[in-house]
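Open the viewer and get ready to select. This tour goes stop by stop, from the whole chain down to single side chains.

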Amino acid sequence: MTVSTTWLTWISTSLILLLSTRNPIYILIALTTLLFLGAHISHRKEQPNWIGQNLRFLIIMITISTLINVIFAHTGRTILFALPKNWPVIGGNMTLESLVYGAVNGLVIGSLYLLFNILNLVLSIKQITRLIPNAFRPISIMITISLTFFPSIQRRTREIREAQIIRGNRMKKVSDWVPIIIPLLVTSLENAILLSESMTARGFNSKSSMKFSNLNLVTMIFAVFAVFAGWILRLYDYPIVISAILYVLGISSITLILLIAGKHVNVSHFHQEIWHPRDIIFVVMSFFIAVAMIGLQPVECLPSFLYSPYPILSFPEISVLGIILSAMPGLPLVFMKFD
């Protein structure tokens, strides 16, 4: 699995799963599979500290989310302790239900972080920027420059620091860092000017190459509004058919506009990604899994996905189908054995 589109399909399906449920059992299964997947990829990338760093982040995120929800949400019947009600904002009952809900939110945030962390681990910067539509090619170039800016700054800082240490500056006080800041600022400005001049000489983002017309812009606005309107109508229990029509209309219009605008952007790829049969199989499986998760929820075929600890804490309902779907983020482990 080396094709960037394959991983884009994987992260899209995993996002649908994690944003569709608050069942802690399913989230824990998804989180565990993500940790195994990340450990496997980090081992191949020779990054042994990946598990420890992400486990620390998960613990911190779950703790913060739990504390925030317990302090500010006073809903629930199982009272752990109470703060004086005359205390602004935080005064009131601290409940077990709010504690569990905050922990579940922390698990979801941690899982989302792992998703993008794994994507960043498995794909190069070039592959990530190639996922951006050609209509936004100038933006992708800017993102590439931004992503490479901080590593270059760190490298230059290390070089200047080593030169200062050789000259006898041991960097023990804050004032000792002044000889580093000034050369770093000067070299950064010089590199920025050289880069801008070279990009201008190559005709980057010239007005003659911009073909995104006003009609496309207006259509894009109406398409985004259609998707937003479908979501709002769904929140107010309007017929799901209306929301589905608005979703399909808006997403289809956005896709069509991006394809049309992208045809006017000339991009040369010197390295083409090679699709293998396993990549095609994975994309097809992920597509059907995503359709299943989206299509089964409106007809309430997955009631176990809908869980809330309020008003009183209860054990979450689980099903075999829910367990299978929640293990989907770990599906690349099966296909990566053949890489």
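Accessible area here comes from the Shrake-Rupley method with a 1.4 Å probe. For this chain, the accessible surface comes to about 21,000 Å². Carbon and sulfur atoms account for 70% of that surface. Keep in mind that this is a predicted model.

**Stop 1: the whole chain.** Colour by secondary structure. Starting at the N terminus, the order is α-α-α-β-β-α-α-α-α-α-α-α-α-α. Of the 339 residues in the chain, 33% are buried. Now think about contacts between residues at least 6 apart in sequence: 69% of them join residues at least 24 apart.

**Stop 2: helix H9.** Select residues 240-262. Helix H9 has 23 residues. From its first C-alpha to its last it reaches 33 Å, close to the 33 Å expected at 1.5 Å a residue. Which residues of H9 are buried? They are Ser243, Leu246, Gly250, Ile257, Leu258, Ala261 and Gly262.

**Stop 3: Asn69.** Go to helix H3, residues 50-72, and pick Asn69. Is Asn69 buried or exposed? Asn69 counts as buried because its relative accessibility is 16%, and the cut-off for buried is under 20%. Show its side chain. It reaches the backbone oxygen of Ser98 at 2.6 Å. Beyond its neighbours within four places in sequence, Asn69 is in contact with Ser98, Tyr101, Gly102 and Tyr310.

**Stop 4: a nonpolar patch.** Switch to a surface view. Select Ile60, Ile64, Leu67, Ile68, Ile71, Phe72 and Val89. These residues form a nonpolar patch on the surface, with about 650 Å² of accessible area together. Zoom in on Val89, in the loop between strand E1 (79-83) and strand E2 (92-95). Val89 is exposed, as its relative accessible area is 59%.

**Stop 5: the salt bridge.** How many salt bridges does the count give? The count comes to 1. Select Glu159 and Arg156, whose side chains meet at 3.2 Å, N to O. Both lie in helix H6, residues 137-166. They are 3 residues apart, about one turn of the helix. An α-helix has 3.6 residues a turn, so residues three or four places apart point the same way. Glu159 is partly exposed, at 40% relative accessibility. Arg156 is partly exposed too, with a relative accessible area of 34%.

Note on methods. Residues numbered from 1 in each chain as written. Predicted model: local features only at pLDDT ≥ 70, side-chain atom pairs only at ≥ 80, totals over all residues. Heavy atoms only, no water. Helix = DSSP H or I, 4+ residues; strand = E, 2+ residues; numbered from the N terminus. Expected span 1.5 Å × (residues − 1). Buried < 20%, exposed > 50% of the residue type's maximum accessible area, 1.4 Å probe, protein only. Polar contact = N/O pair within 3.5 Å; in protein donor to acceptor, adjacent residues only side chain to side chain. Contact = heavy atoms within 4.5 Å. Salt bridge = Lys/Arg side-chain N within 4 Å of Asp/Glu carboxyl O. Patch = residues over 30% accessible without salt bridge, like charges linked within 9 Å, V, L, I, M, F, W, Y side chains within 5 Å.
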